[in-house]
Amino acid sequence: MMKVVSILFIYGIMAEELCMRECTIEDGICTQERCNEGYVDKTGGHYKWWACGRDCPGGRYLTDGYCNCACIETSLCHQEHCSPRGPCDAGYMDQTDGDFRYWSCGRDCPGGKYYTDGTCNCACVDAPDVCAEGQSEVCADQGPCDAGYMDTTNGDYKWWACGVNCEGGKYYTDGTCNCACKPAGQCAITPTYHNFNLYRWAPSLAFIRTFGVFG
């Protein structure tokens with residue numbers, strides 16, 4: 001009997017300590033779990049272990065489904081959480097932070113047909129006004145980019161010399177010498193990702209793109 005009481009007591013202390021390391025973000029949970037001290041996991045354990053997170057200070061290689069760092073400073077956990085738009089329609093945001101599924105049970109989801117959270121709940125939810133303005137991480141087509149990357153310019157990329165060091169698509173820029181191709185993450189499973197792009201199949205034809213002052 002004493003052993004049972006002792007075990008329950010120890011379990012209670014451990015549970016209390018765990019609860020103290022968690023805080024609520026909207027409908028999700030920040031957990032300390034795999035993150036470094038002073039950081040919490042904004043994905044609630046649904047992080048990815050991806051190479052694009054190699055420079056993440058709170059937990060190396062730990063990212064959400066959009067290659068953003070999964071581990072954020074503890075103080076940010078209590079702030080209003082704006083998720084990326086991802087595959088969702090305008091005015092909605094992806095509450096799964098890139099851990100969505102493209103499942104038939106989401107056929108009636110208003111913010112993004114077929115996009116679910118993996119348990120047949122809609123992944124796309126209304127974005128608060130503060131989040132809807134200037135949303136980033138919108139899913140895009142592969143365009144001329146390498147596999148696993150997406151074209152952030154929506155087809156308005158430039159083939160300029162200043163993009164010589166761009167990962168995911170050498171020489172492809174956004175017109176201001178920022179790299180046009182960024183990691184697609186979970187966006188690579190969207191049905192429109194593998195669009196046909198002539199320059200992906202015949203890169204040598206890229207010279208017919210509009211040249212700027214750098215290329």
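Visitor: What should I know before I start?

Guide: This is a predicted model, in which local features need pLDDT of at least 70, side-chain atom pairs count only at pLDDT 80 or more, and totals for chains, interfaces and linings use all residues. Residues are numbered from 1 along each chain as its sequence is written, and side-chain values use heavy atoms, with hydrogens and water left out.

Visitor: What average pLDDT does the protein chain have?

Guide: The term pLDDT stands for the predictor's confidence in each residue, from 0 to 100. Here the protein chain averages 78, and 73% of the residues score at least 70. Over residues 1-28, pLDDT stays under 50. For that stretch the model has 21 contacts beyond four places in sequence, where a contact means heavy atoms within 4.5 Å.

Visitor: How many helices and strands does the protein chain have?

Guide: Both are DSSP runs numbered from the N terminus: helices are H or I with at least four residues, and strands are E with at least two. In this protein chain there are three helices and 14 strands.

Visitor: What percentage of the residues in the protein chain are buried?

Guide: Buried means under 20% relative accessible area, exposed means over 50%, and partly exposed is in between (1.4 Å probe, protein chains only). Of the 215 residues in the protein chain, 39% are buried. As for contacts with a separation of 6 or more, 46% are between residues 24 or more positions apart.

Visitor: Which residues have a positive phi although they are not glycines?

Guide: Tyr114 is one of them, with a phi of about 80 degrees. You will find Tyr114 in the loop between strand 8 (101-102) and strand 9 (115-116), and at 27% relative accessibility it counts as partly exposed. Asn154 is another non-glycine residue with a positive phi, of about 60 degrees. The loop between strand 11 (149-151) and strand 12 (158-159) holds Asn154, which is exposed at a relative accessible area of 72%.

Visitor: How many disulfides does a search of the whole structure find?

Guide: A disulfide is a pair of cysteine sulfur atoms within 2.5 Å. The search finds ten. Let us look at some of them, starting with Cys52 and Cys67, whose S to S distance is 2.1 Å. This pair links distant parts of the chain, 15 residues apart: Cys52 is in the loop between strand 4 (48-49) and strand 5 (62-63), and Cys67 in the loop between strand 5 and strand 6 (71-73). The torsion about their S-S bond is about -85 degrees, so this disulfide is left-handed. Cys52 is partly exposed at 28%, whereas Cys67 is buried at 16% relative accessibility.

Visitor: Where do Cys105 and Cys120 lie?

Guide: Those two are joined by a disulfide with S to S 2.0 Å. Cys105 lies in the loop between strand 8 and strand 9, and Cys120 in the loop between strand 9 and strand 10 (124-126), so the pair ties together parts that are 15 residues apart in sequence. With -90 degrees about the S-S bond, their link is left-handed. Cys105 is partly exposed at 31%, and Cys120 is partly exposed at 37%.

Visitor: Are Cys145 and Cys181 buried or exposed?

Guide: Both Cys145 and Cys181 are buried. A disulfide joins the two, with S to S 2.1 Å. Cys145 lies in the loop between helix 2 (129-132) and strand 11, and Cys181 in strand 14 (residues 181-183), so the pair ties together parts that are 36 residues apart in sequence. The torsion about the S-S bond of Cys145 and Cys181 is about -85 degrees, so the disulfide is left-handed.
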